[in-house]
Structures are given as structure tokens and as C-alpha cells.
Amino acid sequence: MPVKVRIPTPLRRITANQGEVDAEGVTIGGLIEDLEKKYPGLKERLCDETGAIRRFVNIYINEEDIRFMQGKDTSVKDGDEISIIPAIAGGSEV
Amino acid sequence: MLTIPKHFIDDIISHAKEAAPLECCGILAGKDGTVTDMYKMNNTENDPDKYLMDAKEQFAVVKDIRAKGIDMLAIYHSHPHSPARPSGIDTKLAFYPDAIYIIISLQDSEMPVIKGFLIRDGKVEETAIKIN
Ligand SMILES: [Zn+2]
């Protein structure tokens, strides 16, 4: 059962300019593995070396931030809409 | 080139002054390089020398921009005590290579300085902003 994944502009180079792609999986982690097969290079933009979701990447299932659910183990179901949103952050020279 | 109506520039400067000594941040959106919508965002970073946009608010803005059929053109934040140029952390955390990063410096409080930059693959390039 594919779910719809919204890809942010900065990652569309990896998805052949598509802003919306389909992926299959029962958890967010599974979806990421499926996306990596279809669009190699996407996983390292989302996950660090240990496989954890990067601190500055926000992922939502419908309206919910997966950080406040079960993270990568959060289950997804048919019809869910996943949004990937890189954070906006920075600072000043101290 | 990015064109920003003058009233948004005034709003950005007010936002920076209100937030000082902390950093302010926000998003400018529009079409064909002209800003039509400004979103003042909350900075959820506790460190006074950093900013992190409230993720939930940012998600709402992403959806609003999509619904309006416009694009995120620029991301702004303030440097309350330092010059208007991207810091090391700004460069490292620039995840939007197509957006113009605008920095408002309040280093000289009488004379705020606003500059725009493209930050791509760790390289910073100043880009002109037209105010009208
Ligand atoms: Zn900065």
C-alpha cells in the first residue's frame, strides 16, 4: 500500500524534481528504505550514520511530528500523507 | 534578483528590534522573485546566539505557501550584535540552497543593515535585494 510522501524543494534533485512521490512500508523507517531504493542518496539526507533521523529534519505523518510519536518506528497506514521538512536554523558568530 | 516591498523591510527591522538581544527569524514568500507574503516565526532556540524556527509553525507556513501557489523565496534572521554576513553555523545549517538567506544586523542600532546571500554547498555568495 503506497503512501504519499511530500518532498521539500532542496531534496527534489534526488527525486527527479518530483514534489510528491509514493513509497511503501509499514513504518517510517521502512518508507525511508523504500525511498532509498527508488531515489539513492535520499536516506543520508534524512538519517545520520547511526540510522537515526537527523536533528534538523522534521518528518510528519499527516499533522503529527514523528518525534512526538515513535520516531522511525511510527507505523504508517494506507492513505497517510508524509511530509519531510528540513529545519530552518542558524546563529551568529560568538 | 529578489524584490521586497519596503513595508516588509520595515516589518523585518521591527521584528529584529523586538526580539533583540535574541535573534528573530521568518520566511518571505511570493512569486517570480517578488515577495508578497511575510511570516514572522518563533525562534525556539534557548541559546541567544542561535535560532531555530518553531517546527510546527514552519509546517503550517509550508502548507499555506502551497495552498496559495507561491514559493518560499527567502529566510530571514537577525544578528543582534554582529555583522550582516552568514556565520559558520548559518552556513552549516543552510538546508535551502534555492532560498535567499537574509540577515539583518543590528550591530549599529541606529543603522540596521540588511543583506541577502545564497548559501550552497558551504559556499556563501552575496546577492542583490531590490527594495521598492
Ligand atoms: Zn546568523
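**Before selecting anything**

The model is predicted, so local features need pLDDT of at least 70 and side-chain atom pairs count only at pLDDT 80 or more, while totals for chains, interfaces and linings use all residues. Residues are numbered from 1 along each chain as its sequence is written, chains are lettered from A and ligands numbered from 1 in the order in which they are written, and side-chain values use heavy atoms, with hydrogens and water left out.

**Stop 1: chain A**

Followed from the N terminus, the order is β-β-α-α-β-β-β-β.

The C-alpha atoms occupy a box of roughly 50 × 30 × 25 Å along the principal axes.

Of the 94 residues, 47% count as buried; buried means under 20% relative accessible area, exposed over 50%, and partly exposed in between (1.4 Å probe, protein chains only). Of the contacts in chain A with a separation of 6 or more, 46% involve residues 24 or more positions apart, where contact means heavy atoms within 4.5 Å.

**Stop 2: chain B**

Now select chain B, which has three helices and nine strands. Along the sequence these follow the pattern β-α-β-β-β-α-β-α-β-β-β-β. The radius of gyration is 14 Å, close to the 14 Å that the globule rule gives for 132 residues, so chain B is as compact as a globular protein of that length.

The C-alpha trace of chain B spans about 35 × 30 × 30 Å along its principal axes. Buried residues make up 48% of its 132 residues. Among contacts between residues at least 6 apart in sequence, 61% join residues at least 24 apart.

**Stop 3: the cavity in chain A**

The structure holds one cavity of 30 Å³ or more. On a 1 Å grid over the protein atoms alone, a cavity is a set of points where a 1.4 Å probe fits but cannot get out, and a pocket is an open set with protein on both sides within 12 Å along at least five of seven lines; lining residues have an atom within 4 Å of a point. The volume of the largest cavity is about 40 Å³, a volume being the space filled by probe spheres set on the points, with grid points joined across faces, edges and corners.

Select its lining: A:V5, A:I28, A:L31, A:I32, A:L35, A:L46, A:I59, A:I82 and A:I84. Two elements of chain A, α1 (28-38) and β5, each give two or more residues to this lining. Helix α1(A) gives the most, with four residues. By class, the lining has nine nonpolar, no polar and no charged residues; Ala, Val, Leu, Ile, Met, Phe, Trp, Tyr, Cys and Pro count as nonpolar, Asp, Glu, Lys and Arg as charged, and the others, Gly among them, as polar.

Remain with α1(A), where A:I28, A:G29, A:L31, A:I32, A:D34 and A:L35 are buried. Their cover includes β1 (2-6), β2 (20-24), α2, β3 (57-61) and β5 of chain A.

**Stop 4: A:I82**

Next, select A:I82, which lies in strand β5 of chain A. A:I82 is buried, with a relative accessible area of 3%. Although A:I82 and A:V3 are 79 residues apart in sequence, their C-alpha atoms are 7.4 Å apart in space. Beyond its neighbours within four places in sequence, A:I82 has contacts that include A:V3, A:I28, A:L31 and A:Y60.

**Stop 5**

The largest pocket has a volume of about 610 Å³. Of its 26 lining residues, select those closest to the centre: A:P8, A:T9, A:R12, B:V62 and B:I65. The elements giving two or more residues to the lining are β5 (81-86) of chain A, with α2 (55-68) and β5 (71-79) of chain B. The largest contribution, six residues, comes from α2(B). The lining divides into 15 nonpolar, five polar and six charged residues.

Finally, turn to the second largest pocket, with about 310 Å³ of space. Among its 13 lining residues, A:E44, A:R45, A:R54, A:V57 and B:F95 are the closest to its centre. Helix α2 (residues 42-46) of chain A supplies the largest share, three residues. This lining has eight nonpolar, no polar and five charged residues.

Conventions. Rg over C-alpha atoms; globule rule 2.2 N^0.38 Å.
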